[in-house]
Amino acid sequence: MKTSDKKKTGGIDYRSPEYYINRELSWMKFDERVLEEARDKSLPLMERVKMLGITASNLDEFFMVRVASLKDMVHAGYNKRDIAGMTPKEQLSELSTVTHEFTDLQYVTWRRSLLPLLKEKGIRIISRHEELSAKEGAYLDKYFEEEIFPVLTPMAVDSSRPFPLVRNKTLNIGAIMTPLDSANLLSREREKDGEKKPDETDFALVQVPDVLPRLIPLPSDLGSDSKSERTFILLEEVIERNLSRLFLNYRIECAHPFRIMRNADLAIDEDEAEDLLKEIEKQVKRRQWGEVIRLEVEEGIEPALLHILIEELNVGEQDIYRINGPLDLAFLSKIASLPGYDDLKIPGWTPRQPKYMVKDEDIFTQIRKGDILLQHPYESFEPVVDFIRTAADDKDTLAIKMTLYRVSGNSPIIAALARAAENGKQVMVLVELKARFDEEHNINWARTLEKAGCHVIYGLVGLKTHSKIALVVRREEEGIRRYVHLGTGNYNDTTARFYTDMGLLTCSEAIGEDATAVFNMLSGYSEPVAWNKLSVAPLWLKDRFIYLIGREEMHAKAGREARIVAKMNSLCDPDIIEALYRASAAGVKIDLIIRGICSLKTGIPGISENITVRSIVGFFLEHSRIFYFLNGGNEEYYLGSADWMPRNLDRRVEIVFPVEREELRADLRHFLSLELSDTIKAHVLTPEGNYEKPDRRGKKAVNSQKELCKEARENARRRQQVLTDRVFIPEMSPAEEEN
Amino acid sequence: MKLFAAIDVGSYEIGMKIFELSRKNGVKELDYIRHRIELGTDSYNTGKISYERMDELCSVLKGFKEIMNSYHVDSFRAFGTSAIRETDNTKVILDQIKLRTGITVLPLSNSEQRFLDIKSVALKSRNFHSIIESGTALIDIGGGSTQVSIFDSSKLITTVNLMLGKLRLRRSLSELEPASYSYEELLSEIIENEIHSFKKMYLKKLSIKNIIVIDDHLPYILHKLSGDGMYDAAVQGESDERSVTAEQFVKFIDRLRQMSGEQISREIGIPMESASLLIPSAYIVKHLIKAMEAEKIFVPGVALSDGIAYDYAEKNRIIRSDHDFSRDIITSVENISTRYRGGQNMGDILSKSALAVFDGMKKYHGLDARGRLILEIASRLRDVGRFVSLSTPGPSAYSIIMGTEIIGLSHVEREMVAVIVSSSYPKDISYEDVMESGFDEKNYLTVVKLTAILRLASGMVRSYKRRFNGVKALVKEKELIITVDTDNNIALERGLFFEKTGLFEEVFGLKPVLRKKA
């Protein structure tokens, strides 16, 4: 019986909308938690600035992905309610309120808190060009002429020139201007009528070029009071100041920056796409033209200018955001990473040598000694790169197969794969072109791999391949042996430095067979009858999770202790939530560590009183997925690439794998218990649907990420000590050996 | 250690398994790649495999070749089964495959294919020998037909081919107009009808306790029964050795009956198109369970590719089998002979005599063990023609043999047996006729040599009353001295022996001399 078929049992309707939180509102709750970090006075200033910058890019993504999708639903007349009982229209309306309030709080934080603090610490950000001193102005005018002017494309709009395309996510300056020969007349008429005549004014637009740095430093000798103070101004302010130089025969009546967000949700009809690659390229180009779903304008914008933008961009009132501050705070990441200011930053972290690995020892030999757990970024990602790199140059390696979702710009893994193909290895790579916002990047390096002789598969029709798996097949003396890396995060050496992820290196025969079957399946061959160890979405994984949760429920009903601990990025799959509610109602103790969206409600009497949800937002981005089931004392630990979301369980290829070596399970046990005891970076979901910092009274202050860094450092130090201490090991006498 | 690839071009799927073959570890499967392509739909419907399917087939085989390269396989074998066999354009298709992919696909006769399947179960399943100690039916479900092989007391009793293939059944039902009957009722009716005669002929005196099923789809059911918490107790044993009681199996099949194709696909976790083939398989087994009143079902999850690999490993002396497969072939041949009233005693004496001659002059005929097996089969089937005609048993035997499947033999080998048997009657067919049978040179020579030996042996046994304790043959100078150890008087044989020696002398240049052991 499917879970959905047994909705009502024992008089409880586990699917009642009142038991669920709308996923979009929950997403915004996550953004609020990040914003809270930016407002946390206990954090170093630059960390707060960075966090505020992150809230800006998070919000952009939210609009492009979720708001856009809801808009599509509304346009399509789709009125179905979500699990929380809201129609798309209701969600949009609620979200408009929430995102407006959120934006206001972002800018309050910027203006009242961070901007003055930066000034206090010697970093002056000039918000408006009118505040420039004469010297500064002169410097910037010269800078404009030499650096900016050549790359600008001013566009005027009149009856013969249509309104130009305003590209997605670009910053622009809109201006109303009057031809100089009618300027005098206009001013006379203005005085007379109190308004201007539209026919006599033109609209002009300049895109703020993204090829130039947004943050322009001013030389320290231009009139600031302190020599140690650094001054910056934003590019759009310099352009605005010099706008009249772009439109020589006009008088600028008003000019204001604005920014738009378009519908970027990539909906490819994969069944119809003859060539997936071309279709994605087409979609990427088309994305620039999507419907405008957000218009950000400067607060106090000239109403006439705003009117033109509303008309031409076809924006509704609820989608307009009047910003009291600089548009697009993403530039804050540049400030946060300014060289120096070490006292204002959290010290950087260097990933350490993994606990179960020895530097300079052959990686395959190490894997043969036993499964290896890697905990990034506490431990280095280098072994994963080394795994592929070694295989590429290894004479015994026959084949390398790998899935790639997002990789870094100059990925050493891509280079190694290409080299492996050149060395005559069979290299098969599944490149997921549908990785959102990375499509263009992915197409480029996929072609590079193809040129090198790799067999590249450009994703699967109708499914995103999100699993992280790499297989190396070697012909060794004893026969063929397969080495596998399975991970919770992408094969991206850059993000592996700040995303918390886990990986397993193994040469288990059972996992090797499964890995081979995964790649056969991804190559278009039939799926296997059964899997030895892996659970694979979309066909089998959800059932497996529901079975595992149901098994805990059965243990609880039989009077045995039952417990689930699950860590993931998001939880919004209704079938899983229902299974969790049932388990909780039966007495299973469930602790969830969910960084982002959580549609489950805690503390519902008789339903979710045994469930706790906490979210950790810290220096690193929590990204690993770990699942623990007590199973009547025969504990089971799983890691994987899947969240408990319908998209992961039903529309993606995901892999969840068990961790069976006892030492590694002990590490996972410790990891989870540490995260569950976090009192500094954790927020606990209350029955009211809010996230609050845990009550720290009587508890030790625990920052789990900090603790894990400490432990990784300690492990590496200890290992190093063992290595250095034991260089000269005396032979024992036979008598000693016997003892 | 050798790496070997076995390719099976089947009716609804092309499969390739990569194996590691070693004396130390035996046959170890490394990889199993399958691609769904319904060649059988073309073959069975139109009699031809379309060019579109052939294109697809070639592209998949090219993919297989790449995978073989990636493993650096040392050797491979590719075989085509009923869809390839039953198409009118077999030769064209195989030629195109060879040209486009470089892979030589050989068509397997049904009997060869089923024999390999038996081999795979016998060699892969650890419990095979203990299972077949009691009455056991091995049901091998294919796209075009189902082979039922009955074992008892560790011996193969008989093997029968039923025209119940899952693709064929699905197609037959799709052609029927929707009527008041349900799909399952129609399916049951067709199956019941087909197994009616089989039941009467073979199941009367036998008690079948176990059923071993070879099928590509039923392992999904066993997996479901073992993987789902609800059924944990139902399935016993591990992976290849899994078994379920007949009752539980039937109960599950009946549960599926209530479901749509989509529901079945979701319930068992298989694609929709596999669900459409799983149902005919499940019903075939269900009705055979009923007919045989079997108690336990084993689904070892073997594929033809396993048989190909085991066969290769056995022939290359990488593995040795405890099971005597030639004995299975001979037992089934004895059963054919019994069906046509061929005397068991006569068959024994004739084959003993023929094999003694064969063994005594290895240097002169140069044939291998396979040739010896063909000779033994021909000896045991020599009398079947008399069932139809006492005056012209040769042509009758030819027709009977050509119309009967002999497990383990290819079509060519079966024809060789038929020609050897019919030509062993010198009055009916002259040995020159063999030339017209269209065999290649090697097979032609084998047929001629074995015909000569069989004719000679038939001259040694003129009465079914004879009892030979032993026969020995030895070449001495230009003579083949055959010494018979018997208490009987062999004056009749000696007197008429010369009638049967002409062909032998012509072929081998040896003069046969028949002696009684002193």
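In this predicted model, 20 residues of chain B are in contact with 19 residues of chain A. On the chain B side, the largest share comes from E3(B), with seven residues. Chain B is divided into three domains, and chain A comprises 20 helices and 29 strands.

- Four elements of chain B each supply at least two residues of the side that touches chain A: strand E2 (13-22), strand E3 (26-36), helix H2 (51-71) and helix H9 (218-227).
- E3(B) makes the largest contribution to this side, with seven residues.
- Sorted by class, the side of chain B that touches chain A holds nine polar, seven nonpolar and four charged residues.

**Domains of chain B**

- Domain 1 covers 2-109, domain 2 covers 126-301 and domain 3 covers 325-516 of chain B.
- The centres of domain 1 and domain 2 of chain B, taken over C-alpha atoms, are 26 Å apart.
- To the contact between them, domain 1 of chain B gives 14 residues and domain 2 of chain B gives ten residues.
- On the domain 1 side, helix H1 (39-46) and helix H3 (82-85) of chain B are the elements that give two or more residues.
- H1(B) gives the most to that side, with four residues.
- By class, the side of domain 1 of chain B that touches domain 2 of chain B consists of seven polar, four charged and three nonpolar residues.

**Helix packing in chain B**

- Helix H5 (residues 110-124) and helix H13 (residues 304-315) of chain B pack with their axes 7 Å apart, at an angle of about 80 degrees.
- Because angles of 65 to 115 degrees count as roughly perpendicular, H5(B) is roughly perpendicular to H13(B).
- From H5(B), the contact is made by Gln113(B), Leu116(B), Asp117(B), Lys119(B), Ser120(B), Leu123(B) and Lys124(B).
- From H13(B), the contact is made by Leu304(B), Asp306(B), Gly307(B), Ile308(B), Tyr310(B) and Asp311(B).
- The residues of this contact divide into five charged, five nonpolar and three polar.

**Chain A overall**

- Chain A has 739 residues, of which 45% count as buried.
- Of the contacts in chain A with a separation of 6 or more, 75% are between residues 24 or more positions apart.

**Helix packing in chain A**

- The axes of helix H1 (residues 23-38) and helix H3 (residues 88-120) of chain A come within 11 Å and cross at roughly 5 degrees.
- Angles under 35 degrees count as roughly parallel, so H1(A) and H3(A) are roughly parallel to each other.
- H1(A) takes part in this contact through Glu24(A), Leu25(A), Met28(A), Asp31(A), Glu32(A), Leu35(A) and Ala38(A).
- H3(A) meets them with residues including Gln91(A), Glu94(A), Leu95(A), Val98(A), Phe102(A) and Leu105(A).
- The contact of H1(A) with H3(A) has eight nonpolar, four polar and four charged residues.

**Strands and a sheet in chain A**

- Three strands of chain A form an open sheet with mixed pairing, in the order E3-E8-E7.
- Strand E3 (123-126) and strand E7 (215-218) of chain A are the edge strands, each pairing on one side only.
- Neighbouring strands of this sheet are turned by 30 degrees against each other on average, direction ignored.
- E3(A) and strand E8 (residues 230-234) of chain A run parallel and are joined by four bridges.
- Across this pair, Ile126(A) stands opposite Ile233(A) in E8(A).
- Elsewhere, strand E10 (residues 292-298) of chain A runs parallel to E11(A), joined by four bridges.
- Glu298(A) stands opposite Ile323(A) in E11(A).
- Side chains in a regular strand alternate between the two faces of the sheet.
- In strand E11 (residues 320-323) of chain A, Tyr321(A) and Ile323(A) form the covered face, while Ile320(A) and Arg322(A) form the uncovered one.

**Surroundings of Met402(A)**

- Met402(A) lies in strand E13 (residues 397-404) of chain A.
- Met402(A) counts as buried because 24 C-beta neighbours lie inside 10 Å, where the cut-off is 20 or more.
- Leaving aside neighbours within four places in sequence, Met402(A) is in contact with Leu417(A), Val429(A) and Ala470(A).
- The C-alpha atoms of Met402(A) and Leu430(A) are separated by 6.3 Å, although the two residues are 28 residues apart along the chain.

Terms used
Residues are numbered from 1 along each chain as its sequence is written. Chains are lettered from A and ligands numbered from 1 in the order in which they are written. This is a predicted model: local features need pLDDT of at least 70, side-chain atom pairs count only at pLDDT 80 or more; totals for chains, interfaces and linings use all residues. Domain bounds come from an automatic or database domain assignment. Two residues are in contact if their C-beta atoms, placed from the backbone, lie within 7 Å. Ala, Val, Leu, Ile, Met, Phe, Trp, Tyr, Cys and Pro count as nonpolar, Asp, Glu, Lys and Arg as charged, and the others, Gly among them, as polar. Two strands pair if DSSP finds at least two bridges between them. Axes are lines fitted to C-alpha atoms, for helices over the stretch in contact, and angles run from 0 to 180 degrees between N-to-C directions. Angles under 35 degrees count as roughly parallel, over 145 as roughly antiparallel, 65 to 115 as roughly perpendicular and the rest as oblique. A residue is buried if 20 or more other C-beta atoms lie within 10 Å of its own, exposed if 12 or fewer, and partly exposed in between; C-beta atoms are placed from the backbone.
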